[in-house]
Amino acid sequence: MGGRTMKAQRIHIIGAGLAGTLLAILLVRRGHSVRVFEKRPDPRQTGYQGGRSINLALAFRGLHVLRQAGLDAAVMPQTVMMRGRMVHDVDGRQNFLRYGKDDSEVIWSVHRGRLNRALIDAAEALGVRIEFNAQIRDLDLDAGCFTLQDADGGRVERFERLIGADGAGSQVRQAMVAAGSVTARTESLGHHYKELEIAPADDGSFRLDGNSLHIWPRGGFMCIALPNTERTFTVTLFLPASGETGFDCIRSPQDARAFFHAQFPDALALIADFEQDWTQNPESPLSTLYLDRWHHRDRAVLLGDAAHAMVPFHGQGMNCAFEDCLALLEAVEAEADWETAIARYQRERQANAAAIQAMALENYIEMRDRVDDADFLLQRALERELAARHPERFVPRYSMVSFRRTPYTVALARGSVQRDILQTLCAGKSDIAQVDFALASELVHRRLEPLHD
């Protein structure tokens with residue numbers, strides 16, 4: 001990356017969530033002038049509203065960006081290490097599947113609200129002005145202005161550069177669509193989610209293993225639980241929106257309890273306020289957002305969920321958004337003008353976002369349908385063995401996504417090749433001892449180049 005020749009920019013960011021505040025920190029540290037506008041109240045004053053957050057999984061690539069912003073020391077004490085998946089069957093038996101080779105390859109559970117507050121504090125400490133309760137209307141991208149609705153009425157705010165970090169329902173994206181510069185398409189998963197909570201044990205400890213992501217796969221639907229620093233678990237139920245095992249068939253908290261009793265009895269026994277959680281927390285949809293482009297001329301650009309909202313089943317939404325922030329910063333540093341910079345940013349990130357969106361959808365099927373399947377478990381065992389025998393060439397797709405900064409496009413493509421190799425080697429086998437490792441070595445060396453990232 002060459003030295004920056006672009007003059008310092010005056011930048012308005014819409015959205016003070018995770019991506020917006022992190023980007024503000026990165027930009028202001030490079031000498032740019034940044035203001036942030038957030039429609040919600042300040043979460044440090046009102047508290048964070050839970051119930052539809054889905055705990056976040058911080059992976060290596062997201063942590064890398066936090067380190068670039070100098071925030072890892074502030075964030076990591078708020079996280080809980082997750083070594084792997086603890087799979088629960090209907091009879092209560094548990095089977096642990098480690099994510100990586102050892103504790104150097106883990107992911108971290110983090111509470112969205114606490115992380116957001118830490119980023120807001122850090123941004124303001126650097127001089128970033130964040131306006132909360134900032135309701136925006138009449139956004140005119142070509143004129144470079146919007147009306148800011150506040151307690152005193154409304155005022156016109158003018159901008160030179162606008163960044164939409166305002167989430168899946170982005171106003172900035174809607175303005176781009178209305179202006180005809182962006183075409184948006186949303187694909188519903190057809191599945192919704194609802195959150196519940198497992199409280200700490202009487203002695204203050206975790207009621208389940210505190211360093212695992214717990215999964216109750218049931219084929220077509222599932223329940224998961226992620227640990228929190230206060231020794232609670234955030235439990236998330238994923239069901240079809242309708243159908244025999246759909247949310248529409250659960251019409252009351254009593255129906256929900258009966259459903260959990262049949263499908264997740266060991267989880268139900270740990271949720272003390274089941275009826276209250278079920279009633280208070282909303283049922284929320286899941287979908288994937290696809291755009292043909294991410295910017296409006298040289299005036300505005302999107303990142304994070306505003307550009308590529310995805311389903312949460314690879315734990316990469318936040319990590320991908322953080323990489324967007326770093327990619328945009330690096331493009332601004334490398335190019336002489338804003339228009340070229342945002343074109344470079346889109347060129348680098350759009351295909352990678354599409355790749356992780358695809359992998360997230362695939363991972364839902366794996367988590368709910370396959371993690372307790374004998375063929376899958378054999379392929380996982382062989383995957384670990386091939387990774388140990390050929391560490392430069394055979395890197396599990398999950399490892400490329402979660403423990404390295406391998407571009408998502410590369411992880412998707414190599415993962416497809418590796419899946420073919422595993423399926424070929426495991427066909428008709430029931431035990432790893434039956435695998436032809438001479439053939440395995442030949443396939444790995446013929447089909448996979450060494451991976452460098």
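A residue is termed buried when its relative accessible area is under 20%, exposed when it is over 50%, and partly exposed in between (1.4 Å probe, protein chains only). By this criterion helix α11 (residues 317–334) is mostly covered, with 15 of its 18 residues buried. The model is predicted, and local features need pLDDT of at least 70, side-chain atom pairs count only at pLDDT 80 or more, and totals for chains, interfaces and linings use all residues. Residues are numbered from 1 along each chain as its sequence is written, and side-chain values use heavy atoms, with hydrogens and water left out.

Helices are DSSP runs (H or I, at least four residues), numbered from the N terminus. From its first C-alpha to its last, α11 reaches 26 Å, close to the 26 Å expected at 1.5 Å a residue; the expected span is 1.5 Å times one less than the number of residues.

Helix α1 (residues 18–29) packs against α11 at an angle of about 30 degrees, the axes lying 9 Å apart. Axes are lines fitted to C-alpha atoms over the stretch in contact, and angles run from 0 to 180 degrees between N-to-C directions. The contact (heavy atoms within 4.5 Å) involves Leu18, Ala19, Leu22, Leu23, Leu26 and Leu27 of α1, together with Met318, Ala321, Phe322, Cys325, Leu326, Leu328 and Leu329 of α11.

Elsewhere, Arg67 lies in helix α3 (residues 60–68). Arg67 counts as partly exposed because its relative accessibility is 43%. When residues up to four places away in sequence are not counted, Arg67 touches Phe60 and Asp72.

Methods. Helices (H or I, at least four residues) and strands (E, at least two) are DSSP runs, numbered from the N terminus.
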